[in-house]
Structure formats: structure tokens, C-alpha cells
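The following explanation leads the reader through a single protein chain, from its overall fold to a group of its side chains. Please keep the sequence and the structure in view while reading.

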Amino acid sequence: MKLLDINDIAYMESPVLYFREYTALALFEMADKKSKEIRIKFTLESQSMGQPLVNVEFTDSVDYPLLPLIRSLKSQVMKLDKRGELPK
């Protein structure tokens, strides 16, 4: 599975100021060249120094090893955050 895009990103209010929570749809390309959308939830936790800590959860079931998917999602979320493309 290859991550193509993260769409429909929506900010969720959080009572904790250093957490930013989002929901989104992740678009993946399957091995048979078909695309599949998977609903995700991710959080960026601001740290005192360095990059924010990114956590990713799948709200839809996934029939694929999770570790490669989570790595690609975290990488893409960090890129979107650095470019300022995440809603607030």
C-alpha cells in the first residue's frame, strides 16, 4: 500500500493547549492499483524543543501491516504541518 494523499482534514477542539487533534481521510493505492480511503485520527503534541510528536489512529479497519502505513502517515502529517497546511 502506498499513501497517495490525506484529504478532508478537520480540526477537533482539544481542552489541552499543546495538543492539536484532527480527523481525515487517507487515500492509499493498493497493490492491484485500486485506491482505498481509510478514515484516520491524528494528534500533534507540541514539545518544549524540537518537532511535535505525531500519533496516528485508524478509525476504519485495515487489512494490511500497520507499521508501514503509520510511518508514511506520520511523515506526510509532518510535511503538512511544516508547510502550514493543517487547519486550526
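Predicted model: local features only at pLDDT ≥ 70, side-chain atom pairs only at ≥ 80, totals over all residues.

**From fold to aromatic cluster**

Along the principal axes, the C-alpha trace spans about 45 × 25 × 20 Å.

Burial and surface may be considered next. Of the 88 residues in the chain, 30% are buried. The accessible surface amounts to about 5,800 Å², and carbon and sulfur atoms account for 51% of that area. The chain carries 13 positive and 13 negative side chains, and the centres of these two sets lie 6 Å apart. As for contacts between residues at least 6 apart in sequence, 37% join residues that are at least 24 apart.

A pair of aromatic rings is described by the distance of the centres and the angle of the planes. The chain has three aromatic pairs. In one of them, the ring centres of Tyr11 and Tyr22 are 5.5 Å apart and the planes meet at 65 degrees; the angle is over 60 degrees, so the pair is edge-to-face. This pair links distant parts of the chain, since Tyr11 belongs to strand β1 (residues 2-12) and Tyr22 to strand β2 (residues 19-29), eleven residues apart. Tyr11 is partly exposed, with a relative accessible area of 29%, whereas Tyr22 has a relative accessibility of 0% and therefore counts as buried.

Tyr22 also pairs with Phe42: their ring centres are 5.1 Å apart and their planes lie at 20 degrees, which is under 30 degrees, so this pair is stacked. Because Tyr22 lies in strand β2 and Phe42 in strand β3, the pair ties together parts of the chain that are 20 residues apart in sequence. Both Tyr22 and Phe42 are buried. Through these ring pairs, Tyr11, Tyr22 and Phe42 are linked into a cluster.

Which residues does Thr43 touch, not counting residues up to four places away in sequence? Thr43 lies in strand β3 (residues 35-45). Its contacts are with Phe19, Arg20, Glu21, Leu53, Val54 and Asn55. Thr43 has a relative accessibility of 12%, which is under 20%, so Thr43 counts as buried.

Key. Residues numbered from 1 in each chain as written. Heavy atoms only, no water. Buried < 20%, exposed > 50% of the residue type's maximum accessible area, 1.4 Å probe, protein only. Contact = heavy atoms within 4.5 Å. Areas by Shrake-Rupley, 256 points an atom, 1.4 Å probe, with all protein chains shown as cover. Lys, Arg positive; Asp, Glu negative; His and termini not counted. Charge placed at Lys NZ, Arg CZ, Asp CG, Glu CD. Helix = DSSP H or I, 4+ residues; strand = E, 2+ residues; numbered from the N terminus. Phe/Tyr/Trp six-rings, centres within 6.5 Å; stacked < 30°, edge-to-face > 60°.
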